Amino acid sequence: MKYIVLVLVVCLSFGSLMAQRRVTPVTPTKELKVLTKEELKEIKKREKAERHYADSVARDSMKVDSIKLAKRNLHPLLVGITTGINLWDPLMRAFGQDHGGVDVWGSLNLRNRYFPTVELGMGMANSTPDEGNFTYKNNAAFYAKIGANYNFMYAKNPKYQLYGGARLGFSSFKYDVKDITVNNGYWGDQQHFDILDQKSSAFWGELLVGIQVGLFKNFSMGWTIRYHFMFHLKDNVNSRPWYIPGYGTRDNPINASLSLIYTIPFHKSKAKVVPQKEDKSEE
């Protein structure tokens, strides 16, 4: 009897707990949509088009990069060696210029873009200024320049160039100032004397622009305009140098050159860059 009462108590307690339980229905926050076959095909078609567009953009980018790389490497590293002789001063002296010289130069053609250059020459002067009272004479003296050019038309034939460049120049030389005439106003007579064996040296820089055009076979002609700026020029106690070999006259910073050029090519240059054909197999 005691066990029966205990079972009844447990059953009543469990029933009470089940009565107190609340069931809360779950309300979906978003209505689910079932896609049709046509809609699925449209979504797949749109995704495929997006992937194809992305692949096309990537291929175009790679083509542009490859063309740029081909242009940069259009010519081999060492295209050739170029030598030239500057005919400007000899030509000007033939027309009466009383100073000048002659120089030869050589350069390496690196990818038809960079041209390390060395110039070597001799300069001299023998000038009596108009209404002057002296004669300035500079015996033949050596000068040297070193620098480089940059060819803006590097993708073209090496015979045709448009370039800019820079040089460093140096010269050590001697000069004489002869037949100096000084009038003595008090006594009314003239004095004549010379200032001989004057030593000087100069160190300067140059900025230049120029063009080069082909003539025939490996011969070309080149013109340059140069602007000089002096770093150091040694003056003497009794005189100042008027002409600096390789630089020109002291007070004229602008000079020119006209060169006959011969090129020793190491490779045949390519005429142009041919872009790669588009791959239409994926379209």
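Let me begin with confidence: this is a predicted model, and the protein chain has a mean pLDDT of 81, with 73% of its residues reaching 70 or more. Please be careful with residues 270–276, where the pLDDT is below 50, although this stretch still has 10 contacts in the model beyond its near neighbours in sequence. Where pLDDT is low, the predicted coordinates should not be read in detail.

The largest pocket has a volume of about 280 Å³, and of the 24 residues that line it, Asp-89, Tyr-247, Gly-248, Asn-255 and Ala-256 are the closest to its centre. Which elements each supply at least two residues of this lining? They are helix H3, covering 88–94, together with strands S2 (99–110), S4 (135–151), S7 (219–233), S9 (248–249) and S10 (254–265). By residue type, the lining of the largest pocket divides into 12 polar, eight nonpolar and four charged residues.

The second largest pocket has a volume of about 220 Å³, and 15 residues line it, of which Asn-157, Pro-158, Lys-159, Thr-263 and Pro-265 are the closest to its centre. Which element gives the largest share of the lining of the second largest pocket? That is S1, with three residues. As for residue type, the lining of the second largest pocket holds 11 polar residues, three nonpolar ones and one that is charged.

Key:
Residues are numbered from 1 along each chain as its sequence is written. This is a predicted model: local features need pLDDT of at least 70, side-chain atom pairs count only at pLDDT 80 or more; totals for chains, interfaces and linings use all residues. Side-chain values use heavy atoms; hydrogens and water are left out. On a 1 Å grid over the protein atoms alone, a cavity is a set of points where a 1.4 Å probe fits but cannot get out, and a pocket is an open set with protein on both sides within 12 Å along at least five of seven lines; lining residues have an atom within 4 Å of a point. Grid points are joined across faces, edges and corners, and a volume is the space filled by probe spheres set on the points. Helices (H or I, at least four residues) and strands (E, at least two) are DSSP runs, numbered from the N terminus. Ala, Val, Leu, Ile, Met, Phe, Trp, Tyr, Cys and Pro count as nonpolar, Asp, Glu, Lys and Arg as charged, and the others, Gly among them, as polar. pLDDT is the predictor's confidence in each residue, from 0 to 100. Contact means heavy atoms within 4.5 Å.
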